[in-house]
Amino acid sequence: MIENVSIYELLTLTTILFFIGLYGFLTRKNLLTMLLSIELLLNASVINFVVINKYLYPDVLQGVYFSIFIIAVAAAETALAISIIINLYRLKTSVDVAETETMKY
Amino acid sequence: MDILTLFIVVPILTAIALLFTKGLKQARLTTMIGMLIQFGMAINLVFAYFKERAANDAIMVFTKDLMWFETFNIHYSIGVDAISVLMIVLTATVVLAGVFISWMLDEMPKEFFITLVILATGVYGFFISIDLFTLFVFYEIAVIPMYLLIGIWGSGPREYAAMKLTLMLMGASAVLLVGILGIYFNSNADGGALTFNILEIAQVSIPFEAQKLFFPMTFIGFATIGALFPFHTWSPDGHASAPTAVSMLHAGVLMKLGGYGIFRVAMYLLPEGTNYWSTFFIVLSVIGVVYGALAAVKQTDLKYINAYSSVSHLGMVIFALLMLNKTAWTGAILQSLSHGFMTALFFALIGMIYGRTHTRMAPQMGGLLKVIPFISMIYVIAGLASLGLPGMSGFVAEMNIFAGAFQHTDTFHRVMSILVISSIVVTAVYILRVVGVMLMGPIPNEDYKNLKTVTWFERVGIYLLLIPVIGIGVAPLWLSNMINDSILPFIQRLI
Amino acid sequence: MNFSYTIFILIIPIATFLLLGFFYNRIKPAVSGWIGVTALSVVAGLSYYTAYQYFFNVGKIDGKFQTFFGFQANWMNFTENLRIDMGILLDPISIMMLVVVSTISLMAHIYSRGYMKGDRGYTKFFAFLSLFTFAMMGLVVATNLFQIYIFWELVGVSSYLLIGFYYEKPSAVAAAKKAFIVTRFADLGFLIGILLMGYYGGSFDFMELNNPEGPAIMNWASTSFMGLSVITWALILMFVGGAGKSAMLPFHIWLPDAMEGPTPVSALIHAATMVVAGVYLVARMFPMFHFVEDGFALHVVAWVGAISSLFAAFIALTQKDIKRVLAFSTMSQIGYMMLALGVSKYDGHEGLGYMASMWHLFTHAMFKALLFLGAGSVIHAVHSNYLKDMGGLRKYMPITNITFLIAALSISGFPLTAGFFSKDEILVAAFEHNKAIYFITLFVAGLTAFYMFRLYFGIFWGKKKEYEHTPHESPWSMTIPLLFLAFMSIATGYLPFSEWVTADHKALHGHIGLFSNLGVIHWDMAGIAITAGLLGIAIAWFFYKKPTDYPAKVSAAFGRLYKWAFNKFYFDEVYLFVTKQIIFKRISTPFAWFDKKVVDGTMDGIGNTTVSLSKVIKGTQSGRIQDYAFAFAGGVFVLVLIVIYMI
């Protein structure tokens with residue numbers, strides 16, 4: 001519970017953060033920036049977990065646990081994604097997402 | 001472990017053992033041992049059945065019931081009556097003969113035998129299940145390996161044939177699943193819990209509207225694998241492309257699943273639906289009988305001839321089932337058995353002839369009786385069995401069917417019966433044409449003069465299948481009595 | 001009296017068949033021939049012994065021959081009432097048939113040892129002969145309709161195997177196939193008849209069906225179909241089966257072609273035994289035929305027999321292949337037997353036709369087998385079937401000549417031969433009951449004499465021919481059967497048949513039987529028949545004894561009629577048209593096409609539709625991750641809107 005900051009303001013922040021991430025993911029062609037955008041999306045949800053936990057159920061800690069869990073998963077996922085991207089780069093000498101559409105149909 | 005579960009366990013163990021083999025010799029030896037054990041068990045089961053039957057007059061004996069999936073009340077529930085026992089014997093014989101016929105298979109033998117054995121597992125499971133759901137599961141287990149067996153080890157347009165066969169059978173099983181679920185969700189009509197158990201559902205009177213709706217689904221679902229017109233077209237292409245042992249197993253055993261399922265599920269559980277729909281399906285089955293026979297006349301490929309002949313013969317099974325009396329039903333079961341042994345024998349012989357002459361086109365061959373007399377003579381005998389010569393199994397089965405059909409006195413049934421009977425003439429035409437063209441006459445090709453004579457494993461395969469054909473034909477009484485006892489509770493539901 | 005030993009009459013031939021069949025390539029031909037002959041001798045001995053026991057010792061009780069069962073076992077049950085037994089039924093006609101079959105079969109076996117010498121399939125041939133003997137024996141002793149049908153089919157298949165014995169000859173293969181399919185087609189009628197009879201008559205058993213006071217005969221009128229009793233229909237359908245086996249119109253087309261088989265086979269199967277199975281069937285069911293609907297079915301039998309007899313005689317006049325002449329002559333004589341049955345009644349003297357038919361069956365078996373075996377002997381010598389290649393053979397083959405002459409005289413009804421006695425009884429029976437048929441019969445008798453002597457003079461007299469290899473008399477193994485059968489062709493005329501084989505199993509008064517005190521000789525009837533026969537012989541003598549140009553002139557005078565008869569009245573062509581043009585081309589081919597294109601096309605069409613549909617929608621799977629993400633996010637957005645504003 002932070003003085004003078006209501007839950008609405010915080011949720012607005014995370015919403016903005018989420019849509020920035022979504023926009024980045026949908027429009028960027030570089031796989032690395034897309035990865036960054038995914039991090040934004042995840043961070044938005046992490047903050048949401050913490051905020052909602054803090055404001056609505058201050059006497060339990062599940063939201064906080066979840067946020068830590070997500071951070072751990074995000075770290076692992078980033079490691080995996082970067083290794084995939086590096087391999088892709090070796091294969092195609094490019095990190096452009098348009099180059100990766102060979103798996104269609 | 002109980003006597004029936006072993007029938008599933010032994011093939012699975014055989015398949016596992018096969019994983020550790022190397023090369024053709026080990027693979028075929030392992031399979032042979034496994035299937036010999038299975039065959040011994042099947043023979044033993046007959047005696048055990050007689051012994052048990054003397055003391056126990058329940059519909060199913062050797063029953064066992066284990067909860068499998070409680071939410072939907074699915075059980076692993078097994079049991080046999082005379083009909084399933086006979087079908088198991090048929091399966092064991094045909095599979096064993098198939099192993100002998102594939103004795104020299106050199107392309108990925110290990111994988112071939114594993115797939116074959118898994119297929120057999122599904123068939124055994126199907127015949128012993130009395131729970132609709134497990135029955136369905138085993139049915140699928142039996143159908144899927146077919147795709148691999150034809151697609152990998154087949155010949156000719158095998159991908160097309162495998163795809164067509166699998167898709168049609170899968171489509172049919174989708175319809176069948178709807179039917180089975182329909183039965184399941186009506187199984188609490190008298191109060192009580194929903195159940196998949198056939199024997200329990202048989203105690204329930206499912207509402208007429210539901211029966212009317214779900215009977216054709218269940219029936220067509222099973223009839224497709226029983227090659228009912230017009231759902232038979234997977235069969236000629238499938239048989240033609242399949243390797244010999246698979247054709248044997250498919251025509252000999254797998255197609256029997258249809259008749260068996262119709263008998264055990266569709267008719268037994270939905271008696272009023274049966275009566276309501278019988279006219280329509282009788283017409284279809286009669287078309288199948290006559291049409292299959294007439295279409296066979298025009299074919300030149302040996303396997304196609306046999307496939308259409310199967311359409312005709314199995315049409316007779318469905319026709320007999322729809323006659324709804326004891327004599328015809330006995331005939332239907334006998335015809336299933338007889339056709340199983342006989343067609344398996346036919347396909348085995350075609351495989352042997354193809355292996356030697358490298359063609360399956362009857363007009364390209366000639367005078368084989370002179371160069372490979374043993375195989376040719378057995379081919380003649382199999383042909384005679386197919387056209388219903390007395391002293392062979394086909395005659396006994398057909399006569400039961402005809403006598404049963406003649407117990408209906410109305411014009412519709414009479415006309416249909418006479419049409420079905422007339423097919424025996426057409427059968428004679430196509431069988432004798434092939435025999436005349438292929439086995440008799442002058443030899444068209446110099447190379448044919450030194451064809452290999454029959455080998456020991458081919459002989460074993462032939463005798464395994466020939467003995468039951470003649471055995472049933474010469475002494476049918478004990479068999480028909482055995483079947484009769486088991487038919488009684490089923491026929492009582494319908495009349 | 002215990003007749004249980006008669007089971008060996010069936011067991012021995014089938015055991016021989018299995019023995020020779022399983023070890024066909026391990027038994028030396030010489031041995032297999034002897035095995036066959038020995039086995040058949042035992043069978044024949046047993047049959048004679050049975051006949052002796054039955055006719056002289058135990059058969060007759062209170063002046064009526066009884067029916068015995070040598071063996072009875074349940075084979076299969078259709079319902080509680082309809083059951084199929086396998087058994088051995090012994091009554092006058094079955095015992096008579098046992099004697100016929102075993103005698104002719106034994107003769108054929110002995111003869112084949114010489115005739116088939118050096119053939120590759122020697123052992124196989126004897127195996128098939130044994131199979132045939134087994135099947136035929138099973139047929140004649142059948143206790144019920146189904147047993148008779150079972151063995152009926154088995155004789156059909158052994159006939160198929162034996163006609164197609166020279167399987168490398170395409171004509172033999174075609175003939176075998178034709179024989180089987182034509183008879184099978186007729187058997188379809190037989191089978192439906194049996195099933196109808198089983199359903200409406202309530203039984204398959206001869207004893208129950210044929211009991212004149214039994215329910216089947218008493219209640220024949222209970223159900224009718226198209227103006228006739230169903231039982232009558234059943235009988236007519238069964239007669240269709242009989243007509244198929246016995247080569248009556250219109251199912252006769254297989255018989256001439258069946259002559260492609262080895263000659264002993266023609267003699268055994270296609271002259272003496274199997275082809276009379278139809279006659280035997282009608283005789284077996286005679287009480288039913290007679291009592292049901294006042295013998296309506298019997299009239300059909302009579303007329304079919306009479307017309308077939310006349311028809312075949314006409315064709316026989318013109319044929320040039322000696323075996324075909326004999327084949328049509330067989331058909332004609334079987335027509336005789338059929339019409340004799342057809343005009344017969346049941347009781348006492350009224351049942352004369354029945355007795356005459358059976359007697360003629362018996363004597364015909366002897367002299368026709370002799371004719372065939374004689375023809376075989378001739379063919380063996382000159383290596384041709386055609387009359388044009390023969391002539392003047394009497395000098396080279398004296399035994400064949402004499403025996404053939406005896407047989408020809410016998411079939412022509414020459415006085416004091418067996419054929420004379422039996423044929424005369426048929427004529428009397430026809431005269432008493434149906435004048436039209438009587439005149440046909442008489443006319444055919446004249447024709448028969450003519451074509452038989454045309455054959456005889458053509459082979460043994462006629463033109464002097466120079467042969468490349470001088471023909472010589474056949475070996476003893478072939479001439480002994482000829483001599484024996486020649487003896488039988490005369491001797492069987494003096495058997496007191498009218499005491500033994502009658503419709504009601506009681507003795508009746510025959511007309512001509514020199515050694516039978518029952519006989520009342522009607523020389524007026526006999527005289528007419530003898531005149532007809534002698535006239536035929538005389539014309540043949542005049543035409544063919546020396547080469548003349550009369551035959552050519554006469555055939556030219558008849559012109560078209562001759563051509564029609566020579567081409568067998570184009571029956572084969574009609575059948576060929578129906579099968580090739582109509583069934584194969586107009587029915588079977590469209591069916592195959594329909595299956596390939598329409599039924600299968602529908603299934604393929606379903607598959608193809610799915611494929612093309614998937615082609616249309618697969619563009620959405622672009623492989624670009626951002627497209628998917630956009631669709632996902634958009635979907636969520638829409639769902640959220642729905643959740644917010646709709647609910």
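**Entry 1: a helix to begin with**

I started with α5(C), which has 19 residues and runs 26 Å from its first C-alpha to its last, close to the 27 Å expected at 1.5 Å a residue. The expected span here is 1.5 Å times one less than the number of residues in the helix. Helices are DSSP runs of H or I with at least four residues, strands are E runs of at least two, and both are numbered from the N terminus. I then checked burial: 19 of the 19 residues of α5(C) are buried, so this helix is largely enclosed by the rest of the structure. Buried means that 20 or more other C-beta atoms lie within 10 Å of the residue's own, exposed means 12 or fewer, and partly exposed is in between, with C-beta atoms placed from the backbone.

**Entry 2: what I am looking at**

Residues are numbered from 1 along each chain as its sequence is written, while chains are lettered from A and ligands numbered from 1 in the order in which they are written.

I noted the scores too: ipTM is 0.90 and pTM is 0.87. Chain C averages a pLDDT of 84, and 97% of its residues score at least 70; pLDDT is the predictor's confidence in each residue, from 0 to 100. I flagged residues 514-519 of chain C, where the pLDDT is below 50, although this stretch has 16 contacts in the model beyond near neighbours in sequence. Where pLDDT is low, the predicted coordinates should not be read in detail.

**Entry 3: chains B and C, one by one**

For chain C I count 26 helices and 6 strands. Its C-alpha atoms fill a box of roughly 120 × 65 × 55 Å along the principal axes, and 56% of the 647 residues are buried. Of the contacts in chain C with a separation of 6 or more, 78% join residues 24 or more positions apart.

Chain B has 20 helices and 2 strands. Its radius of gyration is 22 Å, close to the 23 Å that the globule rule gives for 495 residues, so chain B is as compact as a globular protein of that length. That radius is taken over C-alpha atoms, and the rule is 2.2 Å times the number of residues to the power 0.38. The box for chain B comes to roughly 75 × 60 × 45 Å along the principal axes, and 62% of the 495 residues are buried.

**Entry 4: who touches whom**

Which chains share the most contacts? Of the 2 pairs of chains in contact, B and C do. I call two residues in contact if their C-beta atoms, placed from the backbone, lie within 7 Å. Here 38 residues of chain C meet 39 residues of chain B. On the chain C side, the elements giving two or more residues are β3 (68-77), α5 (145-163), α6 (170-201) and α25 (571-617). The largest share, 13 residues, comes from α6(C). By type, this side of chain C divides into 24 nonpolar, 8 polar and 6 charged residues. Nonpolar covers Ala, Val, Leu, Ile, Met, Phe, Trp, Tyr, Cys and Pro; Asp, Glu, Lys and Arg are charged; the others, Gly among them, are polar.

I looked at chain A next. Its contact with chain C takes 10 residues from C and 9 from A, and the chain C side has 4 nonpolar, 4 polar and 2 charged residues. Chains A and B do not touch; their nearest C-alpha atoms are 20 Å apart.

The largest nonpolar core has 430 residues, and L345(B), A348(B), L349(B) and A369(C) touch the most other members. Such a core is a set of buried Ala, Val, Leu, Ile, Met, Phe, Trp, Tyr and Cys residues joined through C-beta atoms within 7 Å. Helix α16 (352-382) of chain C gives the most to this core, 20 residues. Leaving out residues up to four places away in sequence, A369(C) touches I104(C), M107(C), A267(C), L268(C), A271(C), A272(C) and L485(C).

I also looked up F328(C), in helix α15 (322-343) of chain C. F328(C) counts as buried, with 25 C-beta neighbours inside 10 Å. Beyond residues up to four places away, its contacts are P256(C), A312(C), I315(C), A316(C) and Q319(C).

Is M285(C) buried or exposed? It is buried, with 24 other C-beta atoms within 10 Å. M285(C) touches N210(C), L235(C) and M238(C), again not counting residues up to four places away in sequence.

Technical notes:
Predicted model: local features only at pLDDT ≥ 70, side-chain atom pairs only at ≥ 80, totals over all residues.
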